[in-house]
Amino acid sequence: MTKKTAIVGGGIAALACAVDLKEKGVDFTLFEKEKAVGGKLCTEKIGGFTIEAGPDSYLPEKYWSVQLIKKVGLAGEMLRSNDEHKGTFIFSGGRLHPLPEGVMLMVPTMIMPLVRSRLISWPGKMRMGMELFVPPRCDHKDESLAEFVTRRLGRECLEKIAEPLVAGIHTSNPDNMSVLATFPRFVEMERKSGSLIRGMLTAMKNRPTRDPSGPPMTYFMSLKEGMQELVQGCVQYMGAERIRTGTTVRDLVKREDGYRLTFGDGTTADFAAVVLATPSFVTREIIGKMDAGLRDRLSAIAWSSSATVSIAFKKAGIGKSLPGFGFIVPRVENRRINACTWSSIKWSHRAADDTLLIRSFVGGGHHEELVSRDDGALVNTVREELREIIGLTAEPVFFKVYRWFQGMPKYTVGHLERIATIDELRKEHRGLFLIGSSYRGIGIGDCVKSGFDAAAAIAAL
């Protein structure tokens, strides 16, 4: 039997798998229940604005994203951030503070910028410096990110730096977020160097130099026409004829020579291999009849909901320059937004020169109830927050709200153990693969890698 493969789901993990299967000459069909593929990679062009519904960038450090971009012929479309404006600000105590120079995520690597910063109190600064003398843990058990950061760098570092920075990535609460699943690099630094500060300094010293033959990269990269350009590139590469949109997969059963999918309209189709690139809460329903144990393990993965609110203002009505790329808000400040990006400052090609496009983030482990408010109420909430935080009183000329209900998996303590069990149960079903953000990384690069890995395993069947 040929390796006829079904890919269920149309997010970036599914698209990466499809592109790689096409490259390897493996026959496949991709099924997506929505009207279009792309998942959270959704860009809209409205009235001269380029609006991102989901992620606005990728990390070239996670090089699988760059590999996919090159595979589908979009290398020339890669867009650097405008780093002449680069800077992260933290709202604390009623004002914006620059993140001290040399702080890498949460780890200080330079003394004087931290000393001069008004963000952290003197006791907090001393506690962060004492990290050099905190002994590493002897066991390898998982712990929450809050426990890890507090143990190594102190409570103030957690509340004012680590939590808001991490919340912008994982939209989760650090009190139950698995440090092994979300920041294994820091755990490894503690084990190898005995200190995060020593480990980070060593990593910076040994950082490979940039390949001069390749294009220059910034820490965050995007695409000139927005992140959906990658979706369009993938579709063009694999062939739109391989995609079945508006098609719901109801369940999956094992057969002697593969699997049978049942669709929402009751029809069926047989495949040698199946890739489920759906969220874990969808995957558990599809495989529930075939493997109750696997279904129950998938049910243990929790999800959070969030919204992005893009609002545009005429620059003439703002009356001030805005610092850096935007700001983040610690949870202890009890504000109703988590972060804000000056989208048209951070990226070119996002708005007209006389207009500023701002994107705010709501929900994601903190005040998730706000996500369910109607557009008008949510926009008013964000405007109230912007007025109180940065003094922005101008009238908007445009707004757009996107909601992502159950949009981000929560990697809670014990996540890697749960995933290991899921992997063992999944291996009992030859030709079945689970990919996407539910399992081993929420970023675009991690999702792309999961798609590539599944394609390689299918080609080897």
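How many bridges join strand β6 (residues 88-92) to strand β17 (residues 326-328), and do the two run parallel or antiparallel?

Analyst: Three bridges join β6 to β17, and the two strands run parallel. Strands count as paired if DSSP finds at least two bridges between them. The element names come from DSSP runs numbered from the N terminus: helices are H or I runs of at least four residues, and strands are E runs of at least two.

A word on the model before going on. It is predicted, so local features need a pLDDT of at least 70 and side-chain atom pairs need 80 or more, while totals for chains, interfaces and linings use all residues. Residues are numbered from 1 along each chain as its sequence is written, and side-chain values use heavy atoms, without hydrogens or water.

Now step back from that strand pair. β6 and β17 sit side by side in an open sheet of seven strands. Its order is β7-β6-β17-β18-β19-β16-β20, and the pairing is mixed. At the edges stand β7 (95-98) and β20 (398-410), and each pairs on one side only. From one strand to the next, the twist averages 25°. Such angles run from 0 to 180 degrees between N-to-C directions, with axes fitted as lines to C-alpha atoms, for helices over the stretch in contact.

There is another open sheet to trace. It has five strands, in the order β11-β2-β1-β15-β21, and its pairing is parallel. β11 (243-245) and β21 (432-434) stand at the edges with a single partner strand each, so one side of each has no neighbour in the sheet. Neighbouring strands here are turned against each other by 15° on average, with direction ignored. Look at β15 (residues 273-276) beside β21. Three bridges join these parallel strands. Here V274 stands opposite L432 in β21. A helix covers part of this sheet: α1 (residues 12-24) packs on it and touches β1 (5-8), β2 (28-32) and β15. Touching means contact, with heavy atoms within 4.5 Å. The direction of α1 makes about 165° with that of β2.

The side chains of R242 and D27 meet in a salt bridge, 3.7 Å from N to O. That term requires a side-chain nitrogen of Lys or Arg within 4 Å of a carboxyl oxygen of Asp or Glu. R242 lies in the loop between α10 (228-238) and β11, while D27 lies in the loop between α1 and β2. In total, the structure holds 34 salt bridges.

Next come two hairpins. Take β3 (residues 43-46) and β4 (residues 49-52). Four bridges join them, and they run antiparallel. E44 stands opposite I51 in β4. Two residues lie between the strands of this hairpin, and G47 in the turn has a positive phi of about 55°. Then take β13 (residues 258-263) and β14 (residues 268-271). They too are antiparallel, with four bridges. T262 stands opposite T268 in β14. This hairpin has four residues between its strands, and G266 takes a positive phi near 95°.

Start with α2 (residues 64-71) and α16 (residues 444-459). Their axes come within 7 Å and cross at roughly 65°. On the α2 side, the contact uses W64, S65, Q67, L68 and K71. On the α16 side, I444, G445, D446, V448, K449 and F452 meet them. Then turn to α5 (residues 145-153) and α8 (residues 184-193). These pack at an angle of about 40°, with axes 12 Å apart. F148, R151 and R152 in α5 meet F186, V187 and E190 in α8.

To come back to your question, β6 and β17 are joined by three bridges and run parallel, within the sheet of seven strands.
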